Amino acid sequence: MIGPPDPVSNLRRIIFKKSSEETELEKKYRKLRAEVQEWNQNFWTQHNSRFFKEREAYLKSNLPEGKSNLTADEMSVFYKAFLDKNWRTHLYYNKEWYRKNVTLLVLALQVKLRRIFKIKDSK
């Protein structure tokens with residue numbers, strides 16, 4: 001099941017189905033998917049919270065009297081500064097995101113191959 005978008009992270013949570021005949025490998029894969037989802041949710045919640053807070057502060061300090069908002073060109077100064085300030089965080093996130101997804105891909109492939117060839121988990 002996929003839920004509605006989170007108001008801060010904008011991510012949709014997924015509830016992963018637990019099979020009654022789930023093998024240990026399938027359980028490991030399901031749990032890791034949930035952990036990666038939680039890690040991703042936490043990152044984007046923190047990131048977007050910082051973004052909204054800093055954007056609000058920027059608007060308060062740069063909004064001329066009598067104006068209700070800034071133009072896209074005027075806001076681009078903030079967006080660039082925010083991205084420049086957070087580039088290391090984004091770099092770390094991207095590296096981790098790819099690493100986690102490769103791990104998930106390997107597990108998914110193992111699960112699929114075991115299902116195709118009907119290989120049981122060794123305990």
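**Exercise 1.** Is E24 buried, partly exposed or exposed?

*Solution.* Start with the value: the relative accessibility of E24 is 46%. Next come the classes: buried means under 20% relative accessible area, exposed means over 50%, and partly exposed lies in between, with a 1.4 Å probe and protein chains only. E24 therefore counts as partly exposed. As for its place, E24 belongs to helix α1. Here helices (H or I, at least four residues) and strands (E, at least two) are DSSP runs, numbered from the N terminus.

A word on the model: it is predicted, so local features need pLDDT of at least 70 and side-chain atom pairs count only at pLDDT 80 or more, while totals for chains, interfaces and linings use all residues. Residues are numbered from 1 along each chain as its sequence is written, and side-chain values use heavy atoms, with hydrogens and water left out.

**Exercise 2.** How many Å apart in space are E24 and G66, and N42 and F52, C-alpha to C-alpha?

*Solution.* Take E24 and G66 to begin with: 42 residues separate them in sequence, and their C-alpha atoms are 63 Å apart. Now take N42 and F52: they are ten residues apart in sequence, with 15 Å from C-alpha to C-alpha. N42 sits in helix α1, and its relative accessibility of 37% makes N42 partly exposed.

**Exercise 3.** Which pattern does the protein chain follow along the sequence, and why is it called more spread out than a compact globule?

*Solution.* Count the elements: the protein chain has three helices and two strands. In sequence order they give β-β-α-α-α. Finally, look at the box: along the principal axes, the C-alpha atoms fill roughly 70 × 30 × 20 Å. Of the 123 residues, 25% count as buried.

**Exercise 4.** Which residues form the largest nonpolar core?

*Solution.* Begin with the term: a nonpolar core is a set of buried Ala, Val, Leu, Ile, Met, Phe, Trp, Tyr and Cys residues joined through side-chain atoms within 4.5 Å. The largest one has seven residues, namely F51, Y58, L59, L70, M75, F78 and F82. Helices α1 (24-62) and α2 (72-85) each supply at least two residues of this core. Now zoom in on L70: leaving out residues up to four places away in sequence, L70 touches Y58, L59, N62, L63, P64 and M75, where a contact means heavy atoms within 4.5 Å. A second, separate core has six residues, including L25, Y29, L104 and V111.

**Exercise 5.** Where do N10 and K118 lie, and what are their phi values?

*Solution.* Locate N10: it is in the loop between β1 (2-5) and β2 (12-14). Phi of N10 is near 70 degrees, a positive value in a residue other than glycine. With 51% relative accessibility, N10 counts as exposed. Move on to K118, which is in the segment after α3 (87-116). Phi of K118 is near 50 degrees, a positive value in a residue other than glycine. At 69% relative accessibility, K118 counts as exposed.
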